[in-house]
Amino acid sequence: MTRRAAPSAPATARLRPVSPRALALAVAVAAAAGPACDEKFQSFLKNASDRHVEREKKKEGDVERQAAEEAVISSPVRAAIALVRTSDYDFVSVKSDGSRKRYSGFDFAAMLETKSRWLGRGLDELPAWLDQIGSRTFFGGRSYFVRLPDGRELNFRSWIEAEIAALPTALPTESP
């Protein structure tokens, strides 16, 4: 005799996130029930409601913080970093001891974003950003390189400028 698995619950029976309005309604019903609802359950509902409100406040704060961090990096610089992020090339940084560290496009873009947040306040123009942050290391001032699939290496600044120039519509060099 073969066993068959029970059918899954219909989509409407699956759990969904509770909206703040539904949670507030549940608390109100529990409070109105009064003596019919024991104190532990009322306390549980109140604590759940308070935790939900705190999570919502934290989400709003996270959105505001994210917007503030994005505002630090100008749109032309963000667009240049996006080109790096989507690139399939390797990016090379030469350390002070002469060793070379290779980055993927995603990792190199993340490093450039972090550097821009820390050091790039007020650098709205792409050429100024490339001069001060984007084309060389902070310590030692060694140039970054881009390793092409055939093994050749190009200076990062030359590569990014050529990539931007090759776009159908050039990136703005100043933020509005």
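Me: How do the axes of helix α4 and helix α5 cross?
Reply: In this predicted model, the axes of α4 (residues 105–119) and α5 (residues 126–134) cross at roughly 100° and come within 11 Å. Axes are lines fitted to C-alpha atoms, for helices over the stretch in contact, with angles from 0 to 180 degrees between N-to-C directions.

Me: What are the ground rules for numbering and confidence?
Reply: Residues are numbered from 1 along each chain as its sequence is written, and side-chain values use heavy atoms, without hydrogens and water. Local features need pLDDT of at least 70 and side-chain atom pairs count only at pLDDT 80 or more, while totals for chains, interfaces and linings use all residues.

Me: And how do the axes of α3 and α4 cross?
Reply: The axes of α3 (residues 75–85) and α4 cross at roughly 155° and come within 7 Å. The two helices are therefore roughly antiparallel to each other.

Me: Which residues of α3 and α4 meet there?
Reply: α3 brings V77, I81, V84 and R85. α4 answers with G105, F106, F108, A109, A110, L112, E113 and S116.

Me: Which residues of α4 are buried?
Reply: They are G105, F108, A109, M111, L112, E113, K115 and S116. Buried means under 20% relative accessible area, exposed over 50%, partly exposed in between (1.4 Å probe, protein chains only).

Me: Changing topic: what is the order of the strands in the sheet?
Reply: The open sheet has 4 strands in the order β2-β1-β3-β4, with antiparallel pairing. Strands pair if DSSP finds at least two bridges between them. β2 (100–103) and β4 (153–155) stand at the edges with a single partner strand each, so one side of each has no neighbour in the sheet. From one strand to the next, the twist averages 30°.

Me: Over how many bridges do β1 and β3 pair?
Reply: β1 (residues 90–94) and β3 (residues 144–147) pair over 4 bridges, in the antiparallel sense. S93 has Y144 of β3 as its bridge partner.

Me: Which strands does α4 touch?
Reply: α4 packs on the sheet and touches β1, β2 and β3. The direction of α4 makes about 160° with that of β3.

Me: How are helices and strands defined here?
Reply: They are DSSP runs, numbered from the N terminus: H or I of at least four residues for helices, E of at least two for strands.

Conventions: Contact means heavy atoms within 4.5 Å. Angles under 35 degrees count as roughly parallel, over 145 as roughly antiparallel, 65 to 115 as roughly perpendicular and the rest as oblique.
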